[in-house]
Amino acid sequence: MWEGCYGKEPFDLRLTALRLIANLDVVLVFTLAGTLLFGGGYYVKNVLLRSEKQYSVTSVYRVDYAIEEEKDIGSVYINEMSWNTYLHSQEFLNAVMKHLKENSLIMDSDWVSRIPEEEVSEALTAYLASDLRVPSTMVVTDFEAASLQIARAVEQTMTEEFPAWVKEISGIRVIDSPETASEVIPDVRPARAFALSAILSCFFTVVILLLKETGDDNIWLPATIRMRYGKKAAGTIESPGLSENLKYFYEGKKKVAVCTVQAEADPMEILTSLREKTGMELAEWFAVPSPILCPEGCRALREAEGILLAVRAGSHGGKQLEYCLEYLAQQGCDVTSVLLWKADEKLLKAYYFFH
């Protein structure tokens with residue numbers, strides 16, 4: 001009875017690498033496609049379809065803390081998180097809205113009455129530089145004049161009302177107040193996006209190909225037939241040692257059947273090629289269709305003195321060969337050797353050259 005060792009052969013790194021090189025065009029196509037899809041999507045979203053321009057105004061302050069000695073500042077200073085909490089408190093926003101209505105000089109008074117308090121809150125940000133006494137506020141809106149006017153209202157609130165609310169602060173003054181708003185330049189890096197898309201696309205394409213190669217029931221080498229299925233491998237039609245293998249395997253056997261695994265393969269074509277390539281007479285050798293296509297052909301196989309089974313190289317041939325061997329074993333047909341048909345000779349030469 002036939003006993004296979006399918007899936008138990010050792011991992012062949014050399015063969016896998018050669019298969020990846022053979023599929024280099026696939027890797028390049030999918031890498032290019034992924035680069036255009038993800039990198040192009042990033043470019044379209046962040047460059048071509050970028051939202052309206054935004055304008056920012058950054059004001060810098062000097063805070064005088066109510067301390068007797070410089071060393072005590074570490075116990076009373078306000079950190080960046082607390083500054084942001086103060087700026088978004090209702091009391092602070094009320095004061096800012098009041099100053100906006102009082103000083104509606106840059107834009108008409110209707111705008112001041114329409115602007116929601118939530119938008120003013122969202123526009124405000126505070127951050128603290130290395131010096132604990134020099135905080136900054138930033139106002140970002142879609143309108144240059146709006147950013148400037150809100151920034152002025154924030155400055156008034158910081159210098160007039162805010163010191164009275166916090167006992168640790170004795171006073172605040174503005175040390176840098178820009179006259180104009182600056183356009184916010186978004187951190188858009190299309191070159192890096194395209195490069196990252198290419199790297200990731202290439203990586204995942206290679207991983208998928210590796211999974212396919214390791215999980216696919218492919219047959220690329222004659223050695224696979226011996227290691228995986230336990231059958232003698234006659235070689236390929238172009239193998240230099242094919243003639244000697246056939247003479248050794250079928251010594252004393254005149255009536256030999258040439259049978260195929262795949263139904264679409266022509267056993268007569270294979271037999272003709274064997275005669276041409278080996279120069280052997282093979283007068284009593286005869287062709288038998290694949291048992292997958294013609295199960296009744298097993299009668300002729302049982303009458304033969306030897307059986308040469310030909311399997312097409314490539315993907316999805318392993319399971320077909322396994323099924324064929326099992327069926328022939330059940331029919332009492334003992335396969336003498338297996339021929340790898342239509343093998344990739346370039347792959348074989350590269351594989352055994354590196355051996």
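Me: Which residue in strand 3 is the bridge partner of threonine 58?
Reply: Methionine 138 is the bridge partner of threonine 58. Keep in mind that this is a predicted model.

Me: How do the strands run, then?
Reply: Strand 1 (residues 55-65) and strand 3 run antiparallel, joined by 6 bridges. Strand 2 (residues 124-128) also pairs with strand 3 in the antiparallel sense, over 5 bridges.

Me: How many residues are in the hairpin link between strand 2 and strand 3?
Reply: The hairpin joins them through 6 residues.

Me: Is strand 3 largely enclosed or open?
Reply: Strand 3 (residues 135-141) is largely enclosed by the rest of the structure, because 5 of its 7 residues are buried.

Me: New topic. Which residues touch the most other members of the largest nonpolar core?
Reply: Trp83, Leu124, Val154 and Ile169, out of the 32 residues in that core. Several elements give two or more residues to this core, among them strand 1, helix 5 (90-102) and strand 2. Helix 8 provides the largest share, 7 residues.

Me: Now salt bridges. How many does the structure hold?
Reply: There are 11. One of them pairs lysine 98 with glutamate 161, with the closest N and O atoms 3.1 Å apart. Lysine 98 is in helix 5 and glutamate 161 is in helix 8, so the pair ties together parts that are 63 residues apart in sequence.

Me: Are those two buried or exposed?
Reply: Lysine 98 counts as partly exposed, at 39% relative accessibility. Glutamate 161 counts as buried, at 15%, because the cut-off for buried is under 20%.

Me: What about the salt bridge of lysine 247?
Reply: The side chain of lysine 247 meets that of glutamate 244, at 3.9 Å from N to O. Both residues lie in helix 11 (residues 242-249), 3 residues apart, which is about one turn of the helix. Lysine 247 is partly exposed at 45%, while glutamate 244 is exposed at 51%.

Me: Last one: which buried residues does helix 10 have?
Reply: Pro222, Thr224, Ile225, Arg228 and Tyr229. They lie on the same side of helix 10, because they cover an arc of only 155 degrees around the axis. Glycine 230 follows helix 10, and its phi is positive, near 70 degrees.

Terms used:
Residues are numbered from 1 along each chain as its sequence is written. This is a predicted model: local features need pLDDT of at least 70, side-chain atom pairs count only at pLDDT 80 or more; totals for chains, interfaces and linings use all residues. Side-chain values use heavy atoms; hydrogens and water are left out. Buried means under 20% relative accessible area, exposed over 50%, partly exposed in between (1.4 Å probe, protein chains only). Helices (H or I, at least four residues) and strands (E, at least two) are DSSP runs, numbered from the N terminus. The arc is that of the directions from the helix axis to the C-beta atoms. Two strands pair if DSSP finds at least two bridges between them. A nonpolar core is a set of buried Ala, Val, Leu, Ile, Met, Phe, Trp, Tyr and Cys residues joined through side-chain atoms within 4.5 Å. A salt bridge is a side-chain nitrogen of Lys or Arg within 4 Å of a carboxyl oxygen of Asp or Glu.
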